[in-house]
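Let's take a walk through this model together, one piece at a time. Have a look at the picture and the sequence first, then read on.

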Amino acid sequence: MAIQQTPILERALQLAADRHASDIFIMPNEPVSLRLSGRVERMDGPVISAEQVREIAAAAMGSERIAAIRDTGNAVTSCGLEGIVSGWMCVGSTRGDLTIVVRILLGQIPGIKS
């Protein structure tokens, strides 16, 4: 199955790239949050519903993998905007609702300084 990204996820990825965030948090009944310089900050924007979180996760992973989270605890896949940002998306379940955390990957691996 091809990975699909919803507009909410794409906007969050662009915002993370623009703000140099290390992580994205998408949780029910909260706006998108970013980890910036070690601190988690809520972004201005709409509150994301539990159904929207489920739609984001299902688009990226497929409904079968999402259903299996009850047994496995979480599922992981890649996501990103080509040429801009990439990351690892982890979907888990908290109190019966899905939550999404995206770890932003560095564009370049730093070299060893001599």
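Thr-6 is buried, because its relative accessible area is 15% and buried means under 20% (exposed is over 50%, partly exposed in between, with a 1.4 Å probe and protein chains only). Thr-6 sits in the segment before α1. Apart from neighbours within four places in sequence, Thr-6 is in contact with Glu-55, Ile-56 and Ala-59, where contact means heavy atoms within 4.5 Å.

A quick word on the ground rules. This is a predicted model, so local features need pLDDT of at least 70 and side-chain atom pairs count only at pLDDT 80 or more, while totals for chains, interfaces and linings use all residues. Residues are numbered from 1 along each chain as its sequence is written, and side-chain values use heavy atoms, with hydrogens and water left out. Helices (H or I, at least four residues) and strands (E, at least two) are DSSP runs, numbered from the N terminus.

Now for the sheet. Six strands make up an open sheet, in the order β3-β2-β1-β6-β5-β4, with antiparallel pairing; two strands pair if DSSP finds at least two bridges between them. At the edges are β3 (39-42) and β4, each pairing on one side only. On average, neighbouring strands are turned by 25 degrees against each other, direction ignored. Strand β2 (residues 33-36) is joined to β3 by four bridges, and the two run antiparallel. Leu-36 stands opposite Arg-39 in β3.

The helices come next. α1 lies across β1, β2, β3, β4, β5 and β6, running at about 65 degrees to β4. α2 packs on the sheet too, touching β1, β4, β5 and β6, and its direction makes about 55 degrees with that of β6. For such angles, axes are lines fitted to C-alpha atoms (for helices, over the stretch in contact), and angles run from 0 to 180 degrees between N-to-C directions.

Helix α2 (residues 50-61) has 12 residues and reaches 16 Å from its first C-alpha to its last, close to the 16 Å expected; that expected span is 1.5 Å times one less than the number of residues. Its buried residues are Val-53, Ile-56, Ala-57, Ala-59, Ala-60 and Met-61. Among the elements covering them are α1, β1 (23-26) and α3 (63-72).

α2 and α3 pack at an angle of about 115 degrees, with their axes 7 Å apart. Arg-54, Ala-57, Ala-58 and Met-61 of α2 meet Ser-63, Arg-65 and Ile-66 of α3 there.

Back in α1 (residues 7-19) you'll find Arg-19. Not counting residues up to four places away in sequence, Arg-19 touches Leu-34, Leu-36, Glu-41 and Met-43. Arg-19 and Leu-34 are 15 residues apart in sequence and 8.7 Å apart in space, C-alpha to C-alpha.

What about disulfides? A disulfide is a pair of cysteine sulfur atoms within 2.5 Å, and by this rule the count is zero. Cys-79 is in no disulfide, as the nearest cysteine sulfur, that of Cys-90, is 11 Å away.

| Residue | Relative accessibility | Class |
|---|---|---|
| Arg-19 | 40% | partly exposed |
| Cys-79 | 7% | buried |
| Cys-90 | 30% | partly exposed |
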